[in-house]
Amino acid sequence: QESSRVTMFDGTGRTKDGQRVQLLANVASPDSVAEAIKAKAEGVGLFRTEFCFLDQEEAPGIEEQVRAYRRVFAAFPGRKVIIRTLDAGADKPLAFVSEVNEVNPALGIRGYRTAWRRPELLDTQLQAIAMAAAAETADVGVMAPMIATVEESIAFAARCFEHGLRSVGVMIETPAAAITAGDILQTVDFASLGTNDLAQYTMAADRLMGELALLNDPWQPAVLRMIREVSRAGIATGKPVGVCGEAAADPLLAAILVGLGVTSLSMSPRALGGVAKLLSSVTAQQCRDAAASVVAASSSSMARAAAVALLAPGQ
Ligand code: PEP
Ligand code: MG
């Protein structure tokens with residue numbers, strides 16, 4: 001009986017014909033975990049650790065970090081939890097990391113780049129993540145934000161290894177990383193597409209400016225083709241590629257991402273029901289066919305129209 005209009009996710013993402021797609025939650029701090037559990041997320045695809053320490057003047061110590069990370073890991077026993085190292089920068093400042101006088105903060109010392117100046121912050125964080133992971137049963141992966149070169153992914157993976165972390169990935173959110181994803185993926189275990197920043201940098205359009213929303217849109221052909229590049233690299237290397245940007249929360253676009261070969265989708269918990277519902281209404285082959293048409297479209301509106309026509313014709 002179809003009485004409820006609220007779509008609930010049953011905890012296992014799959015297409016109509018049964019192809020598995022992991023549906024994960026984006027989590028901002030230990031306090032936001034409850035929402036992810038209530039929404040039956042299969043795990044966490046993006047734990048944004050910078051949100052744990054937003055109002056702090058001093059860098060958090062190891063013990064404090066271990067406590068915060070354990071709370072999230074403990075909430076998902078035996079499940080995947082991908083924790084991202086600090087993504088601070090002048091546009092998303094942490095008092096103990098960021099320089100405030102950068103002229104172009106989005107293009108400045110942010111994400112993994114902060115480790116150039118403050119390597120000890122990254123090492124302390126990796127040590128805390130390793131300790132927290134050792135104390136819990138969650139299947140912990142660690143990834144770095146704002147990677148632009150293969151040298152960076154190699155250096156990051158090496159440091160994770162030194163701390164005993166064995167599942168290492170990077171975010172693909174710069175065009176540079178998207179274009180070289182094949183090389184980058186050779187150096188790590190997995191990648192996660194950050195479509196918010198990938199759209200911003202591909203379109204040269206500030207993601208915080210509403211006026212630029214038309215450009216800053218993951219349905220833009222340029223962004224879709226970047227994503228296709230990365231998915232192809234994942235297929236070619238046999239490494240999992242997920243999406244953790246807002247694109248994953250748009251049900252139609254989620255199906256297109258699956259059609260491109262993405263293996264997991266991570267989103268704000270409230271989006272899980274809608275994405276699961278759309279995916280369960282289409283086959284994997286439909287997703288692949290729709291993805292081919294959508295990526296070939298020459299505008300964002302034509303891309304979206306193609307997706308609607310092929311995947312949700314009633315809408
Ligand atoms: C992204 O850039 O898409 C992403 C998931 O990271 P954030 O939104 O935290 O920059
Ligand atoms: Mg980002």
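1. Start with a crossing. Helix α12 passes α13 in a right-handed crossing.

2. α12 and helix α13 (residues 300–311) pack at an angle of about 155°. Their axes are 9 Å apart. Angles over 145 degrees count as roughly antiparallel, which makes α12 roughly antiparallel to α13.

3. Which residues make the contact of α12 with α13? From α12 come Gln-286, Asp-289, Ala-290, Ser-293 and Val-294. From α13 come Ala-303, Ala-306, Ala-307, Leu-310 and Leu-311. By type, this contact has 7 nonpolar residues, 2 polar and 1 charged.

4. Now follow α12 to another partner. Helix α10 (residues 251–260) packs with helix α12 (residues 284–296) at an angle of about 100°. Here the axes are 7 Å apart. Angles of 65 to 115 degrees count as roughly perpendicular, and α10 and α12 are therefore roughly perpendicular to each other.

5. Check the side of α10 first. Ala-255, Ile-256, Val-258, Gly-259 and Leu-260 of α10 take part in the contact with α12. On α12, the contact uses Cys-287, Arg-288, Ala-290, Ala-291 and Val-294. The contact of α10 with α12 divides into 8 nonpolar residues, 1 polar and 1 charged. Note Ala-290 and Val-294 of α12: they belong to the contact with α10 and also to the contact with α13.

6. A further pair deserves a look. α8 and helix α9 (residues 221–237) pack at an angle of about 120°. Their axes lie 9 Å apart. α8 and α9 are therefore oblique to each other. Their crossing is right-handed.

7. What builds the contact of α8 with α9? α8 gives Leu-198, Ala-199, Thr-202 and Met-203. α9 gives Ala-222, Val-223 and Met-226. Of these residues, 6 are nonpolar and 1 is polar, with no charged residue.

8. Next, the ligand. Ligand 1 is surrounded by Leu-46, Arg-48, Asp-87, Glu-173, Gly-194, Thr-195, Asn-196, Asp-197, Cys-244 and Gly-245. Two elements give two or more residues to this shell: β2 (44–48) and α8 (195–203). The largest share, 3 residues, comes from α8.

9. Which kinds of residue form the shell around ligand 1? It divides into 2 nonpolar, 4 polar and 4 charged. Compare the contact of α8 with α9, which has no charged residue.

10. Finally, confidence. The chain averages a pLDDT of 95. In all, 98% of the residues score at least 70. The model scores ipTM 0.99 and pTM 0.96. One caution applies: where pLDDT is low, the predicted coordinates should not be read in detail.

Note on methods: Residues numbered from 1 in each chain as written. Chains lettered and ligands numbered in written order. Predicted model: local features only at pLDDT ≥ 70, side-chain atom pairs only at ≥ 80, totals over all residues. pLDDT = per-residue confidence, 0-100. Near = placed C-beta within 6 Å. Helix = DSSP H or I, 4+ residues; strand = E, 2+ residues; numbered from the N terminus. Nonpolar A, V, L, I, M, F, W, Y, C, P; charged D, E, K, R; others polar. Axes fitted to C-alpha atoms, helices over the stretch in contact; angles between N-to-C directions. Parallel < 35°, antiparallel > 145°, perpendicular 65-115°, else oblique. Left-handed = near helix turned anticlockwise from the far one by under 90°. Contact = placed C-beta atoms within 7 Å.
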